[in-house]
Amino acid sequence: MRRSLYTPEHDAFRSAFRALLDREAVPNVDKWEQAGTVDRDFITTAAESGFLGFEFDPEYGGLGISDFRYNAVMTEEVVRSGMAGDTFSMQNDIIVPYLRDLTTDEQKQRWLPKFTRGECVTALAMTEPGAGSDLASIRTSAVRDGDDLIVNGTKTFITSGATCDLAIVLVRTGERDGRGTSFVVVEAGTPGFERGRPMHKIGRKAQDTAELVFTDCRVPAANIIGEPGRGFGSAIANLPRERLSIAVSGVASAAHVLDLALDHVRSRVAFGAPLADLQSVRMAIAEMHTDIQVLQHYVDGCVEALGRGDLTADDAAGAKYKATDLQWDVVDRCLQLFGGYGYMEEYPIARIWRDARIQRIYGGANEVMKDLVGRAVVTR
Ligand SMILES: Cc1cc2nc3c(=O)[nH]c(=O)nc-3n(C[C@H](O)[C@H](O)[C@H](O)COP(=O)(O)OP(=O)(O)OC[C@H]3O[C@@H](n4cnc5c(N)ncnc54)[C@H](O)[C@@H]3O)c2cc1C
């Protein structure tokens with residue numbers, strides 16, 4: 001079924017971004033997997049072509065385009081390219097709303113031009129060793145000392161943590177009877193801000209993930225973004241967009257992998273005929289194809305809702321868990337259709353399978369998403 005989400009402008013944008021990925025990323029996928037990160041040169045090249053921070057106003061180097069369909073196009077193309085780095089989804093989908101909506105003009109002047117030039121890779125640090133799903137129990141503290149804050153604590157599993165130039169850190173600032181939290185921007189090189197070595201993950205190896213440690217780290221209070229004491233509220237406001245980004249990549253990955261499996265079952269011969277001639281294989285293909293079509297339309301509807309400004313937290317949570325559960329189901333079933341070849345690193349399906357697993361955990365574990373949806377529905 002044809003999708004009606006995109007216009008000819010989105011299609012042209014897709015062609016331009018695909019050309020960039022084919023030229024600059026696809027030849028380097030293996031190199032970046034081994035290096036554990038994508039080249040900074042690639043990030044600046046993508047930025048020069050306008051693919052980073054395009055939602056920011058032109059005075060800060062952006063294009064002033066606020067239309068999440070462009071973000072979705074980029075996510076779909078990144079999935080198709082086989083590039084596992086999270087640069088674009090992290091920077092454009094997750095970080096941009098924090099830097100666009102919570103910052104003052106003075107803060108925008110300091111950070112946004114570097115961001116849109118690709119010179120400012122940014123991390124969002126919320127999770128701690130003792131606080132993941134239960135974010136309200138974070139312990140990293142920021143205590144006021146004159147015009148500064150003294151930050152102490154540890155963040156873990158932080159995407160781009162080892163390579164970021166800026167970290168947007170959720171800290172406890174203690175307003176509202178000790179419950180208050182705030183986001184504070186900590187720049188690389190600030191004394192007392194240390195990064196651990198990249199963590200050894202089972203997948204998404206071209207993307208660094210690291211622990212951040214703050215020890216008596218002195219940060220100007222002018223680096224607080226958003227209203228002091230309301231950090232948790234800002235996170236809750238931005239999480240639906242983050243979850244939708246994960247849902248878009250989940251469906252895109254399922255669709256991409258089904259295409260790979262179709263090529264395989266049409267050409268792989270067993271018992272004297274292509275695997276595609278087996279009825280059980282065709283039934284598996286039918287189930288996956290139909291599930292993807294149905295979910296694609298739901299996720300497209302969520303993208304439209306975000307554009308209208310009425311994407312609810314529970315709809316985004318539903319899209320996140322459903323799309324990533326489907327992604328895992330389809331990727332695993334398609335790997336099965338490749339037989340032993342699917343278990344070999346030379347076959348893209350092997351890497352896609354490893355990379356898919358985290359999708360059901362980060363951005364809010366799928367069980368937490370179901371709890372959020374269930375609570376919204378029963379109290380409606
Ligand atoms: C590769 C990677 C990248 C990440 N990037 C970032 C990042 O950039 N920034 C950041 O801040 N964090 C990041 N995270 C952290 C991620 O968001 C957390 O791992 C996730 O929210 C789960 O938290 P946890 O690991 O502490 O698991 P826990 O909170 O300990 O939960 C463990 C499991 O318990 C179950 N569970 C928990 N709560 C409930 C509940 N209420 N109901 C039912 N079941 C429940 C779920 O099955 C869950 O998976 C990343 C993690 C990874 C692995």
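Domain bounds here come from an automatic or database domain assignment. In this predicted model, the protein chain is assigned domain 1 (8–120), domain 2 (123–228) and domain 3 (232–378). The boundary between domain 1 and domain 2 is described below.

The C-alpha centres of domain 1 and domain 2 are 23 Å apart. Contact between them involves 22 residues of domain 1 and 21 residues of domain 2. The area buried between domain 1 and domain 2 is about 1,900 Å², and carbon and sulfur atoms account for 57% of it. On the domain 1 side, the residues losing the most area to domain 2 are D86, Y98 and W111, which together make up 27% of what that side buries.

Polar and charged pairs also link domain 1 and domain 2. Three salt bridges are counted between the two domains. A salt bridge is formed by R40 and D165, with the closest N and O atoms at a separation of 2.6 Å. Polar contacts between domain 1 and domain 2 comprise twelve residue pairs, with both residues at pLDDT 80 or more.

Several helices contribute to the side of domain 1 that touches domain 2. At least two residues of this side come from each of α2 (29–35), α5 (87–101) and α6 (105–116). The most is given by α5, which provides six residues. Sorted by class, the residues on the side of domain 1 touching domain 2 are eleven nonpolar, six polar and five charged.

Note on methods. Residues are numbered from 1 along each chain as its sequence is written. This is a predicted model: local features need pLDDT of at least 70, side-chain atom pairs count only at pLDDT 80 or more; totals for chains, interfaces and linings use all residues. Side-chain values use heavy atoms; hydrogens and water are left out. Contact means heavy atoms within 4.5 Å. Buried area is the accessible area (1.4 Å probe) that two parts lose on being put together, summed over both. A salt bridge is a side-chain nitrogen of Lys or Arg within 4 Å of a carboxyl oxygen of Asp or Glu. A polar contact is a pair of N or O atoms within 3.5 Å; within protein, one must be able to donate a hydrogen and the other to accept it, and residues adjacent in sequence count only if both atoms are side-chain atoms. Helices (H or I, at least four residues) and strands (E, at least two) are DSSP runs, numbered from the N terminus. Ala, Val, Leu, Ile, Met, Phe, Trp, Tyr, Cys and Pro count as nonpolar, Asp, Glu, Lys and Arg as charged, and the others, Gly among them, as polar.
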